[in-house]
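Welcome! Have a look at the chain below, and then we will walk through its contacts, its cores and its charged pairs.

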Amino acid sequence: AIDQQAGFARGKVLSARRLAAVIEAHRAKGKSVVFTNGCFDLIHAGHVRSIRFARSQGDVVVVAINSDSGVRRLKGEGRPILPAAERAEMLAALEDVDYVTVFNEPTPVRLLRLLKPDVLVKGGAYGHEGVVGHKVVEKYGGRIALAPMVLGLSTTDLMKRIRGE
């Protein structure tokens with residue numbers, strides 16, 4: 001199970017249900033919650049910069065990653081390159097990440113409704129209206145923050161470089 005990650009990831013990689021309880025405890029202490037999500041198939045500098053931006057937006061940073069089947073639905077056969085457990089463990093190793101969770105639904109909307117983050121961070125390429133879940137977050141008073149994008153720093157670009165394309 002996802003809560004049983006070994007080593008340093010223990011306590012940072014949580015099921016949605018466990019994460020909701022942990023977030024509630026942070027909120028009781030007056031902490032603000034920042035949420036970002038994605039496939040994070042091959043962790044690269046663009047991901048790190050986006051997460052660093054998320055850290056600047058609040059106190060507790062939650063990264064939700066698409067399950068393996070979710071990545072396949074979005075990116076096609078041959079993806080993900082790394083399984084969810086490995087992606088979660090690597091993200092949990094980043095000091096700017098407080099918690100990681102994996103979701104299997106096509107979008108993170110259920111998680112957004114469950115966790116009610118104060119800030120939803122996505123890459124600036126999406127634009128405000130393109131951020132999945134923006135209406136859910138804004139309805140309860142949360143806000144959207146768009147992380148600066150860096151050209152050429154995407155998993156697709158990285159895979160093309162590896163293939164020599």
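Among contacts in the protein chain between residues at least 6 apart in sequence, 73% join residues at least 24 apart; contact here means heavy atoms within 4.5 Å. This is a predicted model, in which local features need pLDDT of at least 70 and side-chain atom pairs count only at pLDDT 80 or more, while totals for chains, interfaces and linings use all residues. Residues are numbered from 1 along each chain as its sequence is written, and side-chain values use heavy atoms, with hydrogens and water left out.

**Overall layout**

- The protein chain has seven helices and five strands, where helices (H or I, at least four residues) and strands (E, at least two) are DSSP runs numbered from the N terminus.
- Starting at the N terminus, the order of elements is α-β-α-β-α-α-β-α-β-α-β-α.
- Of the 165 residues in the protein chain, 47% count as buried; buried means under 20% relative accessible area, exposed over 50%, and partly exposed in between (1.4 Å probe, protein chains only).

**The nonpolar cores**

- In soluble globular proteins, nonpolar side chains tend to be buried together.
- A nonpolar core is a set of buried Ala, Val, Leu, Ile, Met, Phe, Trp, Tyr and Cys residues joined through side-chain atoms within 4.5 Å.
- The largest nonpolar core has 22 residues, and Phe35, Val62 and Leu115 touch the most other members.
- Two or more residues of this core come from each of α1, β1 (33-38), β2 (60-66), β3 (99-103), α5 (109-115) and α6 (134-139), with α1 giving the most, five residues.
- Not counting residues up to four places away in sequence, Leu115 touches Leu19, Ala20, Ile23, Arg27, Phe35 and Val62.
- There is also a second, separate core of 19 residues, including Val34, Ala84, Ala92 and Val100.

**One face of a helix**

- Helix α2 (residues 45-55) has Gly46, His47, Ser50, Ile51, Phe53 and Ala54 buried.
- Seen down the axis of α2, these buried residues fall within an arc of 155°, so they line one face of the helix; the arc is that of the directions from the helix axis to the C-beta atoms.

**Salt bridges**

- A salt bridge is a side-chain nitrogen of Lys or Arg within 4 Å of a carboxyl oxygen of Asp or Glu, and by this rule there are six.
- Asp41 pairs with Arg79 in a salt bridge, with the closest N and O atoms 2.5 Å apart.
- That pair links distant parts of the chain, 38 residues apart: Asp41 is in the loop between β1 and α2, and Arg79 is in the loop between α3 (68-75) and α4 (84-92).
- Asp41 is buried at 0% relative accessible area, and Arg79 also counts as buried, at 9%.
- Arg87 and Asp68 meet in a salt bridge of 2.8 Å, N to O.
- Arg87 lies in helix α4 and Asp68 in helix α3, so this pair ties together parts that are 19 residues apart in sequence.
- Arg87 is buried at 0% relative accessibility, whereas Asp68 is partly exposed at 24%.
- Arg55, Asp96 and Asp98 are linked in a network of salt bridges.

**A buried lysine**

- Which segment holds Lys12? Lys12 sits in the segment before α1 (16-28).
- Lys12 is buried yet has no salt bridge, and the nearest side chain of opposite charge, Asp98, is 6.0 Å away.
- A polar atom of the Lys12 side chain lies 3.3 Å from the backbone oxygen of Leu94.

Definitions and conventions
Lys, Arg positive; Asp, Glu negative; His and termini not counted. Polar contact = N/O pair within 3.5 Å; in protein donor to acceptor, adjacent residues only side chain to side chain.
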